[in-house]
Amino acid sequence: MVTLEKIVSLAKRRGFVYPGSEIYGGLAGVWDLGPLGVELTHNIKDLWWEHFVRNHDEMYGLQSSVLMPEPVWKASGHVEGFTDPLVECKKCRKRFKEDDFTGKKCPECGGELSKPKQFNMMFKTEDAYLRPEIAQGMFVNFKNVLDTMHPAFPFGIAQIGRAFRNEISPREFIFRVREFDLMEFEYFVREPEWKKHFEKWRKEIWSWIENVGIDKKKVHEFEVPKKERAHYSERTVDFEFDYPFGRKELYGLAYRGDYDLKRHIEHSGVDLRYTDPVSGEKFIPHVVEPTFGLGRTLLAVLLSVYREDGDRVFLSLPSKISPYKAAVFPLLANKPELVKLARSIYDDLKKDFVVAWDNRGNIGKRYYSQDEIGTPYCITVDFESLEDKSVTVRDRDSAKQTRVKIGELSKYLEEKLKS
Ligand code: GAP
(Lines give C-alpha, C1' and ligand atoms only; values in the text may rest on other atoms or scores of the structure.)
Protein backbone atom coordinates (compact mmCIF):
# COMPACT_ATOMS: atom_id res chain seq x y z
CA MET A 1 0.00 0.00 0.00
CA VAL A 2 1.27 3.46 -0.81
CA THR A 3 2.03 5.73 2.13
CA LEU A 4 3.50 9.22 2.28
CA GLU A 5 6.60 7.81 4.01
CA LYS A 6 7.24 5.43 1.08
CA ILE A 7 6.91 8.27 -1.45
CA VAL A 8 9.16 10.62 0.57
CA SER A 9 11.79 7.91 0.91
CA LEU A 10 11.66 6.89 -2.78
CA ALA A 11 11.75 10.55 -3.86
CA LYS A 12 14.94 11.13 -1.84
CA ARG A 13 16.58 7.78 -2.63
CA ARG A 14 16.08 8.10 -6.36
CA GLY A 15 16.82 11.79 -6.83
CA PHE A 16 13.34 13.24 -7.29
CA VAL A 17 13.01 15.54 -4.26
CA TYR A 18 15.55 16.61 -1.61
CA PRO A 19 14.95 18.77 1.49
CA GLY A 20 16.08 22.36 0.78
CA SER A 21 19.53 23.34 2.22
CA GLU A 22 19.72 19.90 3.82
CA ILE A 23 23.39 20.01 4.93
CA TYR A 24 22.44 22.97 7.17
CA GLY A 25 19.48 21.17 8.67
CA GLY A 26 16.97 22.23 5.98
CA LEU A 27 14.50 25.08 5.87
CA ALA A 28 10.84 24.46 6.67
CA GLY A 29 8.56 24.40 3.63
CA VAL A 30 11.36 24.41 1.07
CA TRP A 31 12.26 21.43 -1.14
CA ASP A 32 14.69 21.00 -4.04
CA LEU A 33 14.17 18.89 -7.15
CA GLY A 34 16.89 16.36 -7.91
CA PRO A 35 17.95 15.23 -11.41
CA LEU A 36 14.95 12.90 -11.84
CA GLY A 37 12.49 15.39 -10.31
CA VAL A 38 13.62 18.06 -12.76
CA GLU A 39 13.10 15.74 -15.75
CA LEU A 40 9.70 14.61 -14.51
CA THR A 41 8.43 18.12 -13.76
CA HIS A 42 9.79 19.43 -17.09
CA ASN A 43 7.74 16.74 -18.79
CA ILE A 44 4.65 17.64 -16.73
CA LYS A 45 5.05 21.34 -17.60
CA ASP A 46 5.54 20.56 -21.29
CA LEU A 47 2.46 18.33 -21.30
CA TRP A 48 0.41 21.03 -19.54
CA TRP A 49 1.61 23.65 -22.04
CA GLU A 50 0.62 21.40 -24.92
CA HIS A 51 -2.74 20.51 -23.33
CA PHE A 52 -3.85 24.02 -22.43
CA VAL A 53 -1.82 26.43 -24.57
CA ARG A 54 -0.59 24.88 -27.84
CA ASN A 55 -3.90 23.04 -28.38
CA HIS A 56 -5.88 26.28 -28.05
CA ASP A 57 -5.38 28.94 -30.72
CA GLU A 58 -6.90 31.57 -28.44
CA MET A 59 -4.40 31.00 -25.59
CA TYR A 60 -1.40 33.34 -25.27
CA GLY A 61 1.69 32.44 -23.26
CA LEU A 62 3.41 34.76 -20.81
CA GLN A 63 6.31 34.81 -18.39
CA SER A 64 5.98 37.68 -15.98
CA SER A 65 8.26 38.72 -13.12
CA VAL A 66 8.30 37.27 -9.63
CA LEU A 67 8.92 40.73 -8.12
CA MET A 68 5.97 43.11 -8.39
CA PRO A 69 5.57 46.49 -6.66
CA GLU A 70 3.18 47.24 -3.82
CA PRO A 71 0.53 49.06 -5.94
CA VAL A 72 -0.14 45.79 -7.80
CA TRP A 73 -0.89 44.01 -4.53
CA LYS A 74 -2.95 46.89 -3.15
CA ALA A 75 -5.06 46.77 -6.30
CA SER A 76 -5.35 42.98 -6.23
CA GLY A 77 -6.53 43.03 -2.62
CA HIS A 78 -3.65 40.87 -1.37
CA VAL A 79 -2.10 43.51 0.94
CA GLU A 80 -5.39 43.65 2.78
CA GLY A 81 -6.90 40.22 2.22
CA PHE A 82 -4.17 37.60 1.76
CA THR A 83 -4.01 36.65 5.41
CA ASP A 84 -4.05 33.62 7.67
CA PRO A 85 -5.40 33.64 11.24
CA LEU A 86 -2.42 32.99 13.52
CA VAL A 87 -1.61 33.08 17.20
CA GLU A 88 1.65 34.60 18.44
CA CYS A 89 3.64 33.73 21.58
CA LYS A 90 3.75 36.78 23.82
CA LYS A 91 7.20 35.73 25.11
CA CYS A 92 9.23 34.35 22.15
CA ARG A 93 7.13 35.93 19.34
CA LYS A 94 6.87 32.66 17.36
CA ARG A 95 3.71 32.30 15.30
CA PHE A 96 1.47 29.26 14.92
CA LYS A 97 -1.64 28.35 12.96
CA GLU A 98 -4.69 29.23 15.02
CA ASP A 99 -6.53 25.91 14.56
CA ASP A 100 -3.54 23.85 15.77
CA PHE A 101 -2.95 25.83 18.96
CA THR A 102 -6.24 27.24 20.16
CA GLY A 103 -6.27 27.09 23.97
CA LYS A 104 -2.68 25.77 24.24
CA LYS A 105 0.65 27.18 25.49
CA CYS A 106 3.57 27.97 23.15
CA PRO A 107 5.23 24.66 22.20
CA GLU A 108 8.64 26.41 21.97
CA CYS A 109 8.87 28.22 25.30
CA GLY A 110 5.61 27.53 27.16
CA GLY A 111 4.66 31.21 26.93
CA GLU A 112 1.12 32.49 26.64
CA LEU A 113 -0.33 32.70 23.14
CA SER A 114 -2.13 35.78 21.81
CA LYS A 115 -5.68 35.81 20.52
CA PRO A 116 -5.88 34.89 16.79
CA LYS A 117 -4.78 37.75 14.53
CA GLN A 118 -4.70 38.04 10.73
CA PHE A 119 -1.11 37.89 9.44
CA ASN A 120 -0.26 38.61 5.80
CA MET A 121 1.30 35.68 3.96
CA MET A 122 3.36 37.65 1.43
CA PHE A 123 7.16 37.92 1.39
CA LYS A 124 8.25 41.54 1.09
CA THR A 125 11.55 42.97 -0.11
CA GLU A 126 12.64 46.62 0.13
CA ASP A 127 10.48 47.87 -2.73
CA ALA A 128 8.47 44.86 -3.92
CA TYR A 129 6.66 41.67 -2.99
CA LEU A 130 7.50 38.16 -4.15
CA ARG A 131 4.26 37.29 -5.93
CA PRO A 132 1.95 35.03 -3.89
CA GLU A 133 0.01 34.19 -7.07
CA ILE A 134 1.06 34.37 -10.71
CA ALA A 135 -2.37 35.60 -11.86
CA GLN A 136 -1.52 39.29 -11.32
CA GLY A 137 1.22 38.96 -13.96
CA MET A 138 -1.53 38.12 -16.44
CA PHE A 139 -3.71 41.07 -15.37
CA VAL A 140 -0.94 43.68 -15.44
CA ASN A 141 0.05 42.47 -18.93
CA PHE A 142 -3.54 42.33 -20.21
CA LYS A 143 -3.16 45.56 -22.20
CA ASN A 144 0.24 44.50 -23.58
CA VAL A 145 -1.26 41.29 -24.93
CA LEU A 146 -4.25 43.20 -26.40
CA ASP A 147 -1.99 45.76 -28.09
CA THR A 148 0.54 43.26 -29.47
CA MET A 149 -1.55 40.17 -30.28
CA HIS A 150 -5.00 41.71 -31.03
CA PRO A 151 -6.78 38.61 -29.73
CA ALA A 152 -10.34 37.82 -30.75
CA PHE A 153 -12.75 37.17 -27.90
CA PRO A 154 -12.77 35.01 -25.78
CA PHE A 155 -9.08 34.39 -25.15
CA GLY A 156 -6.73 33.32 -22.40
CA ILE A 157 -3.31 34.27 -21.02
CA ALA A 158 -1.32 31.38 -19.57
CA GLN A 159 1.89 31.04 -17.65
CA ILE A 160 3.94 28.65 -15.58
CA GLY A 161 5.94 30.23 -12.80
CA ARG A 162 7.00 30.46 -9.20
CA ALA A 163 4.90 31.80 -6.32
CA PHE A 164 5.86 32.43 -2.69
CA ARG A 165 3.70 32.25 0.42
CA ASN A 166 4.77 32.59 4.00
CA GLU A 167 2.97 29.43 5.14
CA ILE A 168 3.38 29.36 8.88
CA SER A 169 3.07 25.59 9.18
CA PRO A 170 4.35 24.02 5.99
CA ARG A 171 3.70 20.30 6.08
CA GLU A 172 3.04 17.01 4.36
CA PHE A 173 6.18 16.91 2.21
CA ILE A 174 5.69 19.04 -0.95
CA PHE A 175 1.95 19.55 -0.34
CA ARG A 176 2.18 22.81 1.57
CA VAL A 177 5.39 24.72 0.94
CA ARG A 178 6.56 28.32 0.93
CA GLU A 179 7.92 28.42 -2.61
CA PHE A 180 6.20 26.55 -5.46
CA ASP A 181 5.42 26.54 -9.18
CA LEU A 182 1.98 27.19 -10.61
CA MET A 183 0.55 26.40 -14.03
CA GLU A 184 -2.38 28.70 -14.62
CA PHE A 185 -4.40 30.74 -17.06
CA GLU A 186 -6.87 33.60 -16.95
CA TYR A 187 -9.65 33.10 -19.49
CA PHE A 188 -11.32 36.38 -20.48
CA VAL A 189 -15.02 36.09 -21.33
CA ARG A 190 -18.15 38.20 -21.67
CA GLU A 191 -20.06 38.29 -18.40
CA PRO A 192 -23.24 36.50 -19.64
CA GLU A 193 -21.10 33.61 -20.90
CA TRP A 194 -19.00 32.88 -17.81
CA LYS A 195 -20.99 29.78 -16.78
CA LYS A 196 -20.54 28.17 -20.20
CA HIS A 197 -16.77 28.68 -20.05
CA PHE A 198 -16.61 27.58 -16.42
CA GLU A 199 -18.21 24.25 -17.44
CA LYS A 200 -15.92 23.87 -20.43
CA TRP A 201 -12.76 24.27 -18.32
CA ARG A 202 -14.18 22.06 -15.60
CA LYS A 203 -14.32 19.23 -18.15
CA GLU A 204 -10.86 20.10 -19.47
CA ILE A 205 -9.42 19.84 -15.95
CA TRP A 206 -10.73 16.26 -15.77
CA SER A 207 -9.18 15.47 -19.14
CA TRP A 208 -5.85 16.90 -17.92
CA ILE A 209 -6.04 14.77 -14.75
CA GLU A 210 -6.37 11.71 -16.96
CA ASN A 211 -3.70 12.90 -19.41
CA VAL A 212 -1.03 13.39 -16.72
CA GLY A 213 -1.73 10.02 -15.08
CA ILE A 214 -3.47 11.02 -11.84
CA ASP A 215 -5.90 8.37 -10.57
CA LYS A 216 -9.34 9.86 -11.34
CA LYS A 217 -10.98 7.75 -8.65
CA LYS A 218 -8.98 9.68 -6.05
CA VAL A 219 -10.13 13.11 -7.29
CA HIS A 220 -13.35 14.77 -6.13
CA GLU A 221 -14.93 18.12 -6.86
CA PHE A 222 -15.77 20.40 -3.96
CA GLU A 223 -17.99 23.46 -4.26
CA VAL A 224 -16.19 25.95 -2.01
CA PRO A 225 -18.63 27.86 0.22
CA LYS A 226 -18.55 31.67 0.13
CA LYS A 227 -16.84 32.12 3.51
CA GLU A 228 -13.94 29.85 2.47
CA ARG A 229 -13.39 31.40 -0.96
CA ALA A 230 -10.52 33.76 -1.81
CA HIS A 231 -11.44 37.46 -1.65
CA TYR A 232 -11.61 37.76 -5.47
CA SER A 233 -13.75 34.70 -6.17
CA GLU A 234 -17.47 34.63 -6.89
CA ARG A 235 -17.44 30.86 -7.35
CA THR A 236 -14.74 28.22 -6.78
CA VAL A 237 -14.75 24.51 -7.42
CA ASP A 238 -11.76 22.74 -5.90
CA PHE A 239 -10.49 19.48 -7.30
CA GLU A 240 -9.48 17.54 -4.21
CA PHE A 241 -7.22 14.48 -4.08
CA ASP A 242 -7.24 11.60 -1.60
CA TYR A 243 -3.71 12.06 -0.21
CA PRO A 244 -2.55 9.63 2.51
CA PHE A 245 -3.08 12.52 4.98
CA GLY A 246 -6.65 13.20 3.88
CA ARG A 247 -8.75 14.66 1.08
CA LYS A 248 -7.28 18.06 0.23
CA GLU A 249 -6.97 20.56 -2.60
CA LEU A 250 -5.12 19.58 -5.74
CA TYR A 251 -6.41 22.17 -8.24
CA GLY A 252 -8.88 25.04 -8.31
CA LEU A 253 -11.31 26.54 -10.79
CA ALA A 254 -12.44 30.06 -9.92
CA TYR A 255 -14.77 32.63 -11.42
CA ARG A 256 -13.06 35.93 -10.58
CA GLY A 257 -15.74 38.09 -12.22
CA ASP A 258 -14.30 41.46 -13.30
CA TYR A 259 -12.73 41.98 -9.87
CA ASP A 260 -9.07 42.16 -10.93
CA LEU A 261 -9.29 44.22 -14.12
CA LYS A 262 -11.70 46.65 -12.46
CA ARG A 263 -9.39 47.12 -9.47
CA HIS A 264 -6.36 47.64 -11.76
CA ILE A 265 -8.32 50.24 -13.77
CA GLU A 266 -9.17 52.06 -10.52
CA HIS A 267 -5.65 51.87 -9.08
CA SER A 268 -3.52 52.42 -12.21
CA GLY A 269 -5.83 54.75 -14.11
CA VAL A 270 -5.12 52.75 -17.29
CA ASP A 271 -8.02 51.74 -19.53
CA LEU A 272 -8.08 47.94 -19.46
CA ARG A 273 -11.36 47.49 -21.32
CA TYR A 274 -11.67 45.32 -24.38
CA THR A 275 -12.98 46.94 -27.56
CA ASP A 276 -15.13 44.72 -29.77
CA PRO A 277 -13.55 45.08 -33.25
CA VAL A 278 -16.93 44.87 -35.01
CA SER A 279 -19.35 46.83 -32.84
CA GLY A 280 -16.77 49.08 -31.16
CA GLU A 281 -18.37 48.25 -27.81
CA LYS A 282 -16.00 48.63 -24.82
CA PHE A 283 -16.34 46.36 -21.79
CA ILE A 284 -14.40 44.91 -18.87
CA PRO A 285 -13.97 41.18 -19.45
CA HIS A 286 -14.84 38.64 -16.77
CA VAL A 287 -12.40 35.91 -15.83
CA VAL A 288 -12.53 32.14 -15.40
CA GLU A 289 -9.31 30.81 -13.87
CA PRO A 290 -8.16 27.19 -13.72
CA THR A 291 -5.07 26.81 -11.52
CA PHE A 292 -2.71 23.86 -11.09
CA GLY A 293 0.05 23.53 -8.47
CA LEU A 294 3.05 21.75 -9.99
CA GLY A 295 4.27 20.25 -6.70
CA ARG A 296 0.81 18.90 -5.89
CA THR A 297 0.63 17.46 -9.41
CA LEU A 298 3.96 15.72 -8.84
CA LEU A 299 2.77 14.37 -5.47
CA ALA A 300 -0.62 13.18 -6.84
CA VAL A 301 1.09 11.53 -9.82
CA LEU A 302 3.61 9.71 -7.61
CA LEU A 303 0.83 8.55 -5.27
CA SER A 304 -1.24 7.38 -8.27
CA VAL A 305 1.47 5.39 -10.05
CA TYR A 306 3.30 3.79 -7.11
CA ARG A 307 3.03 -0.03 -7.36
CA GLU A 308 4.26 -2.95 -5.29
CA ASP A 309 4.50 -6.43 -6.78
CA GLY A 310 6.00 -8.69 -4.11
CA ASP A 311 9.42 -7.15 -3.39
CA ARG A 312 9.37 -5.21 -6.61
CA VAL A 313 8.47 -1.50 -6.42
CA PHE A 314 7.80 0.40 -9.61
CA LEU A 315 6.32 3.68 -10.78
CA SER A 316 3.79 3.02 -13.52
CA LEU A 317 4.33 6.51 -14.98
CA PRO A 318 2.78 7.34 -18.35
CA SER A 319 5.78 7.16 -20.69
CA LYS A 320 5.14 10.72 -21.93
CA ILE A 321 6.21 12.06 -18.52
CA SER A 322 8.67 9.39 -17.34
CA PRO A 323 12.16 10.90 -16.85
CA TYR A 324 13.70 8.27 -19.15
CA LYS A 325 11.91 6.42 -21.94
CA ALA A 326 14.38 3.51 -21.86
CA ALA A 327 17.59 2.37 -20.17
CA VAL A 328 20.40 0.49 -21.89
CA PHE A 329 22.69 -1.99 -20.09
CA PRO A 330 25.53 -4.28 -21.05
CA LEU A 331 24.84 -7.56 -19.19
CA LEU A 332 28.35 -7.43 -17.70
CA ALA A 333 30.25 -4.16 -17.26
CA ASN A 334 33.67 -5.85 -17.49
CA LYS A 335 33.18 -7.38 -20.98
CA PRO A 336 34.38 -4.74 -23.48
CA GLU A 337 32.56 -6.33 -26.43
CA LEU A 338 29.20 -6.10 -24.60
CA VAL A 339 29.91 -2.55 -23.39
CA LYS A 340 30.88 -1.45 -26.91
CA LEU A 341 27.70 -2.78 -28.51
CA ALA A 342 25.48 -1.46 -25.68
CA ARG A 343 27.13 1.94 -25.90
CA SER A 344 26.53 2.17 -29.65
CA ILE A 345 22.83 1.27 -29.11
CA TYR A 346 22.62 3.91 -26.37
CA ASP A 347 24.24 6.58 -28.57
CA ASP A 348 21.87 5.72 -31.39
CA LEU A 349 18.69 5.78 -29.29
CA LYS A 350 19.76 9.04 -27.65
CA LYS A 351 19.18 10.81 -30.96
CA ASP A 352 15.42 10.13 -30.68
CA PHE A 353 14.65 9.43 -27.00
CA VAL A 354 15.73 10.41 -23.50
CA VAL A 355 17.59 7.27 -22.45
CA ALA A 356 19.61 6.20 -19.44
CA TRP A 357 22.91 4.32 -19.40
CA ASP A 358 23.51 1.98 -16.47
CA ASN A 359 26.36 -0.45 -15.96
CA ARG A 360 26.56 -0.44 -12.17
CA GLY A 361 25.92 -3.51 -10.03
CA ASN A 362 24.20 -6.60 -11.34
CA ILE A 363 21.30 -6.71 -13.77
CA GLY A 364 18.74 -7.30 -10.99
CA LYS A 365 19.83 -4.10 -9.22
CA ARG A 366 19.63 -2.14 -12.45
CA TYR A 367 16.09 -3.35 -13.12
CA TYR A 368 15.20 -2.46 -9.54
CA SER A 369 16.45 1.09 -9.81
CA GLN A 370 14.92 1.74 -13.26
CA ASP A 371 11.58 0.35 -11.97
CA GLU A 372 11.69 2.77 -9.06
CA ILE A 373 12.17 5.77 -11.34
CA GLY A 374 9.49 4.56 -13.74
CA THR A 375 11.57 3.81 -16.86
CA PRO A 376 9.13 1.98 -19.16
CA TYR A 377 11.70 -0.17 -21.03
CA CYS A 378 15.08 -1.71 -20.13
CA ILE A 379 17.30 -2.93 -22.95
CA THR A 380 19.98 -5.50 -22.17
CA VAL A 381 22.86 -6.46 -24.42
CA ASP A 382 24.02 -10.04 -23.65
CA PHE A 383 26.41 -12.53 -25.24
CA GLU A 384 23.70 -13.74 -27.63
CA SER A 385 23.34 -10.16 -28.90
CA LEU A 386 26.83 -10.42 -30.40
CA GLU A 387 25.63 -13.40 -32.45
CA ASP A 388 21.97 -12.72 -33.30
CA LYS A 389 22.10 -8.88 -33.34
CA SER A 390 19.10 -8.80 -30.97
CA VAL A 391 18.61 -7.45 -27.44
CA THR A 392 16.27 -8.22 -24.55
CA VAL A 393 13.64 -5.54 -23.96
CA ARG A 394 11.93 -5.72 -20.58
CA ASP A 395 8.56 -4.05 -19.99
CA ARG A 396 8.40 -2.23 -16.64
CA ASP A 397 4.78 -2.95 -15.71
CA SER A 398 4.55 -6.64 -16.71
CA ALA A 399 8.29 -7.45 -16.28
CA LYS A 400 7.88 -9.47 -19.52
CA GLN A 401 10.96 -9.80 -21.74
CA THR A 402 11.00 -9.75 -25.55
CA ARG A 403 13.87 -10.22 -28.02
CA VAL A 404 14.06 -7.36 -30.52
CA LYS A 405 16.45 -6.96 -33.50
CA ILE A 406 18.88 -4.08 -32.89
CA GLY A 407 18.02 -2.57 -36.28
CA GLU A 408 14.31 -2.48 -35.33
CA LEU A 409 14.77 -1.17 -31.79
CA SER A 410 14.07 2.48 -32.48
CA LYS A 411 10.84 1.71 -34.36
CA TYR A 412 9.81 -0.80 -31.67
CA LEU A 413 10.24 1.80 -28.91
CA GLU A 414 8.47 4.48 -30.90
CA GLU A 415 5.43 2.23 -31.36
CA LYS A 416 5.41 1.10 -27.72
CA LEU A 417 5.79 4.64 -26.34
CA LYS A 418 2.88 5.82 -28.45
CA SER A 419 0.45 3.27 -26.98
N1 GAP B 1 -4.46 32.39 -8.80
C2 GAP B 1 -5.22 31.53 -7.98
C3 GAP B 1 -4.43 30.87 -6.94
O4 GAP B 1 -3.26 31.14 -6.75
P5 GAP B 1 -4.73 29.17 -4.95
O6 GAP B 1 -5.83 28.18 -4.68
O7 GAP B 1 -4.35 30.09 -3.86
O8 GAP B 1 -5.16 29.96 -6.26
C9 GAP B 1 -3.41 27.69 -6.63
O10 GAP B 1 -3.45 28.36 -5.41
C11 GAP B 1 -2.86 26.29 -6.50
O12 GAP B 1 -1.55 26.35 -5.94
C13 GAP B 1 -3.62 25.35 -5.57
O14 GAP B 1 -4.72 24.74 -6.23
C15 GAP B 1 -2.54 24.35 -5.21
O16 GAP B 1 -2.40 23.39 -6.25
C17 GAP B 1 -1.28 25.19 -5.18
N18 GAP B 1 -0.86 25.66 -3.84
C19 GAP B 1 -1.46 26.63 -3.10
N20 GAP B 1 -0.78 26.84 -1.95
C21 GAP B 1 0.27 25.99 -1.97
C22 GAP B 1 1.34 25.72 -1.07
N23 GAP B 1 1.49 26.40 0.07
N24 GAP B 1 2.23 24.76 -1.40
C25 GAP B 1 2.11 24.08 -2.57
N26 GAP B 1 1.13 24.29 -3.46
C27 GAP B 1 0.21 25.24 -3.18
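Ile214 touches Ile209, Val219, Phe241, Leu250, Tyr251, Thr297, Ala300, Val301 and Ser304, leaving aside residues up to four places away in sequence; contact here means heavy atoms within 4.5 Å. This is a predicted model, where local features need pLDDT of at least 70 and side-chain atom pairs count only at pLDDT 80 or more, while totals for chains, interfaces and linings use all residues. Residues are numbered from 1 along each chain as its sequence is written, and side-chain values use heavy atoms, without hydrogens and water.

Ile214 also belongs to the largest nonpolar core, of 59 residues, where Trp48, Trp208, Ile214 and Leu299 touch the most other members. Such a core is a set of buried Ala, Val, Leu, Ile, Met, Phe, Trp, Tyr and Cys residues joined through side-chain atoms within 4.5 Å, with buried meaning under 20% relative accessible area (1.4 Å probe, protein chains only). Apart from it lies another core of 21 residues, including Ile134 and Phe180.

The axes of helix 2 (residues 35–54) and helix 8 (residues 194–212) come within 11 Å and cross at roughly 145°, as lines fitted to C-alpha atoms over the stretch in contact, with angles from 0 to 180 degrees between N-to-C directions.

Definitions and conventions: Helices (H or I, at least four residues) and strands (E, at least two) are DSSP runs, numbered from the N terminus. Buried means under 20% relative accessible area, exposed over 50%, partly exposed in between (1.4 Å probe, protein chains only).
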